[in-house]
Amino acid sequence: MPFANFKVPAGSLDEKQKQQLVTRATELYVEIYGERARANTMVLVEEVTDGGWGIGGNVLTLAMLQEPPER
């Protein structure tokens with residue numbers, strides 16, 4: 001059974017965006033494995049509590065992710 005697990009900051013996606021992740025991930029598996037994969041593809045969108053994750057030893061928050069990138 002194909003399985004995709006997306007972990008995203010809580011509150012960063014609305015319901016439509018979550019649906020897009022589920023639909024597109026499923027379509028990607030179908031593209032790779034064929035139509036037989038559609039009925040068995042599981043996609044999980046998990047919302048991680050703000051400040052509950054990090055990269056490179058630094059805790060990240062939704063506010064930090066929404067800041068414009070430095071030039």
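In the predicted model, Thr 26 touches Arg 38, Thr 41 and Val 43, when residues up to four places away in sequence are not counted. Thr 26 itself is found in helix α1. With a relative accessible area of 13%, Thr 26 is buried, because the limit for that class is under 20%. Arg 38, one of the residues that Thr 26 touches, is instead partly exposed, its relative accessible area being 32%. The side chain of Arg 38 also meets that of Glu 35 in a salt bridge, with an N to O distance of 2.5 Å.

Confidence in the prediction was examined for the chain and for its elements. The protein chain has a mean pLDDT of 92, and 100% of its residues reach 70 or more. Among the elements of the chain, the highest mean pLDDT belongs to α1, at 97. The lowest, 82, is found for helix α2, which comprises residues 62-66.

Apart from residues up to four places away in sequence, Lys 18 touches Leu 13, Val 45 and Glu 47. With Glu 47, Lys 18 forms a salt bridge in which the closest N and O atoms are 3.5 Å apart. Because Glu 47 lies in strand β2 and Lys 18 in helix α1, this pair ties together parts that are 29 residues apart in sequence. The two partners fall into separate accessibility classes: Glu 47 is partly exposed, with a relative accessible area of 40%, whereas Lys 18 is buried at 17%.

In the whole structure, the search returned 5 salt bridges. One of them connects Glu 46 with Lys 7, and the closest N and O atoms of this pair are 2.7 Å apart. Glu 46 belongs to strand β2 (residues 42-48) and Lys 7 to strand β1 (residues 3-9), so the interaction ties together parts that are 39 residues apart in sequence. Glu 46 is partly exposed, with a relative accessible area of 28%, while Lys 7 is exposed, with a value of 56%.

A nonpolar patch on the surface is formed by Met 1, Phe 3, Met 42 and Leu 44, which together have about 410 Å² of accessible area. Within this patch, Phe 3 is placed in strand β1. Phe 3 counts as partly exposed, its relative accessibility being 41%. As for ring pairs, 1 aromatic pair was found in a search of the whole structure. The pair consists of Tyr 29 and Tyr 33, whose ring centres are 6.1 Å apart and whose planes lie at 20 degrees, so the pair is stacked; the assignment follows because planes under 30 degrees apart count as stacked. Both tyrosines lie in helix α1, 4 residues apart, which is about one turn of the helix. Tyr 33 has a relative accessibility of 44% and counts as partly exposed.

The loop between β3 (53-55) and β4 (58-60) contains Gly 56. At 75% relative accessibility, Gly 56 counts as exposed. The C-alpha atom of Gly 56 is separated by 17 Å from that of Glu 70, a residue 14 residues apart from Gly 56 along the chain.

Technical notes
Residues are numbered from 1 along each chain as its sequence is written. This is a predicted model: local features need pLDDT of at least 70, side-chain atom pairs count only at pLDDT 80 or more; totals for chains, interfaces and linings use all residues. Side-chain values use heavy atoms; hydrogens and water are left out. Contact means heavy atoms within 4.5 Å. A salt bridge is a side-chain nitrogen of Lys or Arg within 4 Å of a carboxyl oxygen of Asp or Glu. Helices (H or I, at least four residues) and strands (E, at least two) are DSSP runs, numbered from the N terminus. Buried means under 20% relative accessible area, exposed over 50%, partly exposed in between (1.4 Å probe, protein chains only). Patches are made of residues with over 30% relative accessible area and no salt bridge: like charges are joined within 9 Å, nonpolar side chains (Val, Leu, Ile, Met, Phe, Trp, Tyr) within 5 Å. Accessible areas come from the Shrake-Rupley method with a 1.4 Å probe; for residues, only the protein chains shown count as cover. Rings of Phe, Tyr and Trp (its six-membered ring) pair if their centres lie within 6.5 Å; planes under 30 degrees apart count as stacked, over 60 as edge-to-face and the rest as tilted. pLDDT is the predictor's confidence in each residue, from 0 to 100.
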